[in-house]
Structures are given as structure tokens and as C-alpha cells.
Amino acid sequence: MRPFKFTAADSLNTAIGIRTKNPEAAFLGGGTNLLDLMKEHVALPNEIIDLGKLNLKTIKATPTGISLGALAKNTETANHPLVRKDFPLLSKAILAGASAQIRNMATNGGNLLQRTRCSYFYDISMPCNKRVPGSGCSAIEGFNRMHAIFGWSEQCVAVYPSDMAIALSALDATVKVMQTNFSERSILMKDFHILPENHPEIDNSLKHGELITSIEIPKNNLASHSAYIKVRDRNSYAFALVSVAAGLNLNGNIIQSAHIAMGGVAHKPWRAIQAEQVLKGKPATLANFTKAAEAEMSAARALSHNQFKIEMGKKTLINALEMALNG
Amino acid sequence: MKQNKTQLTPEEQKLFGDLMPEELEEVINSGFNRRHFIKLMGLATAGLLASHAIGAEQLFARAIETDEIPDLIPEAIENGINVSFKVNSSVKKVLIDSRMTLLDTLRERIGLTGSKKGCDHGQCGACTVIVDGQRVLSCLTLAATCEGKSVITIEGLAKENALNPMQAAFLKHDGFQCGFCTPGQICSAVALMKEAKEGNASYVTKNIREDGKSLLLSDEEIAERMSGNICRCGAYPNIVAAIKEAQSGKNITQNWLFAG
Ligand SMILES: Cc1cc2nc3c(=O)[nH]c(=O)nc-3n(C[C@H](O)[C@H](O)[C@H](O)COP(=O)(O)OP(=O)(O)OC[C@H]3O[C@@H](n4cnc5c(N)ncnc54)[C@H](O)[C@@H]3O)c2cc1C
Ligand code: SF4
Ligand code: FES
Ligand code: FES
């Protein structure tokens, strides 16, 4: 690991102040992603600002929904009575990720900002545009079984690994950020993570020095009709091949609106807009679920080793919608 | 920990200055140690000490403490940090390099080698310890973030001569083979008892919307909740049996038999 100066920030001002001055400084949440990347020499900060003491751990109801502190742990978030009751989709998605130990450490803000698990990104002896812009993408012609089927570019075919964020995307969450001038701004989940295009080194729309303070989810009527399904190589403690977060807003058997996002398929949580459009105003039937899944997957483009994800995506979409319907 | 500054005689200083200039400052600051001694022996064999007879004689006569873990020298590390935290029942104060993980600090500085380094990347759970009541991975925890916290390791679970009930259950059910993953498994399982009591949910919990009540864990629940602890020897069925017995307090029949 590269040597670094360590500061435990006692206020937001200190944290943002230090980072604004030093382009090579990094914030530390639970450390479960950053420390791993530092050990591999993929992340090379020369200064670490521990956010552990900041007062951003509160989970509370707001007039419009719920606010999740950026420094609240994943475990606490998933088990919070309000989250379990009103946003069970989020609890499920968080609990589908990593292990109990890691969820006890991981913070909500850090989870959103975790980097891809593309094995070439982790291997500093291999070319990777995300790690070293312009060096090439080893995965596009390499072993790309885990990689993207939507929204990839010739520059990068990596997928974004968070489970939590897939649920947040389906739930139309907003990310609240403290800017370097100490005024707050809000970023919609759909705009928070970005597609690789020509700049795969950029994962999201956060600017250097900006600090996530909370995640806000608006109220909804999805709680009794939502599901998170994660398909992976082993039953637990593995990243998704494909995952689906689905919530149905039903009036009797008619779907007022469907809220669907997919994980393991793109560089960001993939909002299944095509499927949502097909389902809007239709009866919640297997035939319609199938039509919706087919509509969504028709735009998928497979790589050399991940053709299977297209069929898997379709089946997982249908299963998740059925599970959501049955509550 | 002990900080030993060494007063060198003028003869000794000359000897180090001439023959081992790189070591001079270190000896002055942290004392004459085994490594210096061995190097000196090498020089002696090569006949290089002759002109420094007095200094060398004095040095060879000095007591060398080999069992002491010397404190790191603040000036000698780029980003030294003083942290103090509770480990099992005593407060430890250590000066560490900012890069040190909790795992390395426990093992290398505090001498508690029960917690194991399997992968050092969060993938195996062998380094699991309990920090402020929560099971965490010590290999992905910077020791510098532990200021004021309370850490429990496998060494702190038994009380006097009585094993923790989870340790006893692992023994009874043969919840291990080579034992490498065991300290992590047991710490993880002990913390799991508290999580179940508080009604925490897992990915396989039915009716997640219902508020968490204390729950008796099924085999499926135990397997899911323990999935962060990998066992190369595949002792999983016995680990599940041990946890079930420890949680229910009921005798569970061993699922293995002696051959014959
Ligand atoms: C073995 C293993 C398996 C895993 N499996 C899964 C899985 O199946 N599913 C899944 O979703 N995840 C999985 N994870 C990833 C895990 O969920 C993330 O590592 C974790 O959520 C990151 O949170 P953290 O607080 O530890 O982040 P950190 O490592 O502390 O930080 C990550 C990044 O966010 C930045 N940051 C942190 N907080 C803030 C803030 N408030 N404002 C601005 N920047 C901030 C840091 O500077 C850093 O760049 C796994 C991890 C491991 C090690
Ligand atoms: S897919 Fe992206 S992260 Fe993986 S090697 Fe290519 S550029 Fe790097
Ligand atoms: S050594 Fe920490 S998880 Fe493997
Ligand atoms: S007992 Fe050998 S690794 Fe688990």
C-alpha cells in the first residue's frame, strides 16, 4: 500500500476541506472497497479522511418518504423497522449483497460508490481503460462472462456491482450531496451512475471533494408487491450474474405503474424502461410479464462469453414480476 | 510498550559509525537488538572488528532482549498514529503505521495470533473479530479507525477456564478439521447469536416486512448468515449443527460416528 496520511474528520467542513485541497485524498467509509483496492495498488490515495465520526448515520422518516444517512451501515439500514415495513425491496437487495461481516462495515454512501469487480480492473499488469485511460480494455476480447449486455462501449464493458443501488434505482431514490462550496445538491439515481462511453474512468456524476450526505426515497405503494431476485454462481456471498428489483403499483389486477431495475447487466443500475412501458395500464398476467421481459431484452447486445445473460435476464425479469405480484 | 534509548560509549559509537553507519541511528533510538548482534558477529568472523576491540567487547557483553516487541520509533515511520482501544479485557495503546490493518495489529503488534489471515481481501472471513458488538473483517479495517473501540477476538471468548458455549459446541460437533477458519467461524457465530436475538433479517428470511423478533434459526438461515466464513475443509454440516445447539440450548445429536 502507498503510504498515506490519516485523519479522522470531526466535521463535514474538515472532511471536504482536506479533500478539496488534495486531489489525491480519499474519503473512507467502511473501507471494504477502498482498502481492498489500495492493497491491489488500484487505488493510490496519499491521504485518507475517515468519515466514521461524522454525524450522518441517521435513518428517519421525512414528510416525503425516508432519509438514509450516508454513513449509516448497510446492516442497520436493511433492518431498520421503517425500511423493512415500507421499503422491503431495499432490505432484500442489501441483504442479497456480500456477507454479514461486510454489511456491518459497509456504509450507504460507500456502497453506492463501490467500483466494478472486473478482474482486469483489479489486475494492474493488464490494460484497462477504467484504471489507466487509453490503455485499452482487456475484457472486450477476453474473459467477459460477468460483463455487460446493455449500454457498454468499445472502451469498457464492465458492470456495476452494487445490489443496494439496484433497489434504489427502482425506488426512484435521490442522492444528496454536499458540494465543495458547502451548499447541497440532489442527484436522481438515474443520473447518478453513468454509462462508460468514451470515459470509463468516470463511474458517476460526483465531483472531486463532494460528499454524499444521505439517500432519500420517496413514499410509494410498492411495499406489498415488490421482489428482489439475484442469480449468482453460488447461493450466497457472490456478485450477481443478473439481478432484478421489481415493484408493482396495482389497482386490483391492473398495473398502474411498474418499477423495475436490473443489476449485473450494465455499467449502472439498468432501469428497465421498455418493460415498464409495456406493463403500464395492463393486467398483471404471466403473458404480459413475458411480453415486457422480451421487450426489455430485445435491446441487449451480448459479448463473446455472456450470451447466456440475455435468456437469464428474461427469465429473472419474469420471475421477479411474478414474485412481486404474489407479494 | 517499552522505549529503550541506548547510551553508547564513545568506542561503541565509533564502531557503529565506521562499520555499520546505517544502523547507528537505529541503535541510538531503539537499542541494540538481535539483528545488530548478528551483523556484528558476521563482521567479527570476517576479522573486521580488530581495530575496534574495546567497543566490540562492550557490545557483545550487553544484554540483548529478544522477546520484546520494540515500539516503532515515531520519527522512523512516515505516518505513525497512536491508537488505543480495548482488546478482550485490556486496553492496548500502540503506535502504528497508518496503513496497518486491525488484523496485522492484533497479530504482529499485540501478539494475538488467533485471528487468521486467509485472503486479506474480505473474501474468506478467517479474520472475523467482534468490534463494538458487531462481527467485522479485521483485514479490511484500518487499525487507525479503532480508536476508543472495543475488540473481541477468539482469545477473549472463554471466561477463566470455561469455554464460551459456542466453542464447546464446535468441539462437541467437530465443527472443524484443520482449524484454520475456526477462530473466524466462532467469532462470527457468537455475534450471530446476538443478531438473531435482535431479530435481524437475512436474505432468506420470510416475511421481511414484519418487525424483527428474536428468532430460532433454521439450517437454511444459519447457512445464509454464515456464508461470509469459508471453510476449505468443508466442515459446514458440523458447523451448522454446533450453532444450532448453541442457539437452542438443546442437545443435538452428533451427525458423525466413529468408524467400526
Ligand atoms: C468479498 C466481497 C464481496 C462483496 N459482495 C458484494 C455483493 O454481493 N453485492 C454488493 O452489492 N456488494 C458486495 N460487496 C461490496 C460491498 O458492498 C462494498 O465494498 C461496500 O458497500 C462499500 O462500502 P464502504 O462503506 O465499505 O465503502 P468504502 O470502501 O469506504 O468506500 C468506497 C468509495 O466510496 C467513497 N466514499 C465513501 N463514503 C463516501 C461519502 N459519504 N461521500 C463520498 N464518497 C464516499 C470512498 O472514498 C471510496 O472511494 C462485496 C465486497 C467484498 C469485499
Ligand atoms: S471492462 Fe472496463 S474495467 Fe474491465 S478491463 Fe475493460 S475497461 Fe477495464
Ligand atoms: S483474511 Fe479477512 S476475509 Fe479473508
Ligand atoms: S476447518 Fe479447515 S478451513 Fe475450516
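**Ground rules**

I took the model as predicted, with local features needing pLDDT of at least 70, side-chain atom pairs counted only at pLDDT 80 or more, and totals for chains, interfaces and linings using all residues. Residues are numbered from 1 along each chain as its sequence is written, chains are lettered from A and ligands numbered from 1 in the order in which they are written, and side-chain values use heavy atoms, without hydrogens and water.

**Entry: ligand 1**

I began with the shell around ligand 1, taking a residue as part of it if one of its heavy atoms lies within 4 Å of the ligand. I found 33 residues there, with F27(A), G30(A), G31(A), T32(A) and T107(A) the closest.

A backbone N or O atom of G30(A) sits 2.7 Å from a ligand oxygen. For G31(A), a polar backbone atom is also 2.7 Å from an oxygen of ligand 1. K230(A) uses its side chain instead, placing an N or O atom 2.9 Å from a ligand oxygen. How much of ligand 1 does the protein bury? Alone, the ligand exposes 980 Å², and 94% of that is buried by the protein (accessible areas by the Shrake-Rupley method with a 1.4 Å probe; for residues, only the protein chains shown count as cover).

In chain A, β2 (25–28), α7 (108–112) and β8 (211–218) each give at least two residues to it. By class I noted 15 nonpolar, 14 polar and 4 charged residues. Here Ala, Val, Leu, Ile, Met, Phe, Trp, Tyr, Cys and Pro are nonpolar, Asp, Glu, Lys and Arg are charged, and the others, Gly among them, are polar.

H267(A) lies in the loop between β11 (254–263) and β12 (270–271) of chain A. Is H267(A) buried or exposed? At 5% relative accessible area, H267(A) is buried (buried is under 20%, exposed over 50%, partly exposed in between, with a 1.4 Å probe and protein chains only). I also logged a 2.7 Å polar contact between the side chains of H267(A) and K130(A), and the H267(A) side chain reaches the backbone oxygen of I194(A) at 2.6 Å.

S257(A) belongs to strand β11 and is buried at 16%. Its side chain makes a 3.0 Å polar contact with that of H259(A).

M178(A) is in β6 (residues 174–178) and counts as buried at 14%. Though 33 residues apart in sequence, M178(A) and L211(A) have C-alpha atoms 5.2 Å apart. L12(A), I16(A) and T213(A) are among the residues that M178(A) touches beyond four places in sequence.

G65(A) sits in β5 (residues 65–69) and is buried at 8%. Setting aside residues up to four places away, G65(A) touches K60(A), I217(A), P218(A) and K219(A).

**Entry: chain B and the interface**

How many residues of chain A meet chain B? I found 41, in contact with 42 residues of chain B. The two chains bury about 3,400 Å² between them, 54% of it on carbon and sulfur atoms (buried area being the accessible area, 1.4 Å probe, lost on putting two parts together, summed over both). R84(A), Q101(A) and Y237(A) supply 21% of what chain A buries there, more than any other three residues.

Chain B itself has 9 helices and 5 strands, and 47% of its 260 residues are buried.

Conventions: Polar contact = N/O pair within 3.5 Å; in protein donor to acceptor, adjacent residues only side chain to side chain. Helix = DSSP H or I, 4+ residues; strand = E, 2+ residues; numbered from the N terminus. Contact = heavy atoms within 4.5 Å.
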